Amino acid sequence: MRTAALTAMVVSALTLTSAVAAATPSRGVTGTIISQTTVGGKDIVVREITLDRDGSTGWHWHDGTLYAYVKQGTLTHNDSDCTTQDVYPAGSAFIEPSGNDHVHIGRNRGNTPVILEVVYVLPHGKPLSEDAPNPGCDFQ
């Protein structure tokens with residue numbers, strides 16, 4: 001009985017470790033928090049994000065809803081089935097829903113930096129995003 005429990009713990013730890021190890025880091029992305037407050041158990045964070053040419057957010061998801069406005073450039077947004085979910089040119093707005101069933105990546109495939117104005121509405125204390133492994137797409 002103890003061996004089975006120990007084996008289950010080791011398998012769980014290895015699964016968690018491999019998921020973390022397989023997370024895809026961002027590339028060419030910087031962000032500046034403009035403002036942050038907590039209201040009714042929700043953290044409201046306003047942030048400006050810049051993706052350099054060929055920049056990528058890495059695969060990730062959010063614990064809360066994200067509202068974004070493309071101030072400059074064009075953002076390519078792919079979801080975990082590897083299809084292009086949308087292409088957002090300057091002046092576009094979009095919403096990213098919460099949850100680990102909404103894994104996605106944002107990429108700058110253009111020649112100019114992409115600048116996003118983003119509002120995060122997160123459960124108090126949660127990070128801005130949660131890393132995720134590449135779901136099997138031939139890009140990141």
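Strands here are DSSP runs of E at least two residues long, numbered from the N terminus. This is a predicted model, where local features need pLDDT of at least 70 and side-chain atom pairs count only at pLDDT 80 or more, while totals for chains, interfaces and linings use all residues. Residues are numbered from 1 along each chain as its sequence is written, and side-chain values use heavy atoms, leaving out hydrogens and water.

The two strands, β5 (residues 74–79) and β6 (residues 84–89), run antiparallel and pair over five bridges (pairing takes at least two bridges found by DSSP). Across from Thr84 in β6 you'll find Asn78.

## Asn108, tucked away in a loop

Now hop to the loop between β8 and β9, where Asn108 lies. Is Asn108 buried or exposed? Asn108 counts as buried because its relative accessibility is 2% (buried means under 20% relative accessible area, exposed over 50%, partly exposed in between, with a 1.4 Å probe and protein chains only).

So who are its neighbours? Leaving aside residues up to four places away in sequence, Asn108 touches Leu51, Asp52, Arg53, Asp54, Gly55, Thr74, Pro113 and Val114 (contact means heavy atoms within 4.5 Å).

How values were computed:
Helices (H or I, at least four residues) and strands (E, at least two) are DSSP runs, numbered from the N terminus.
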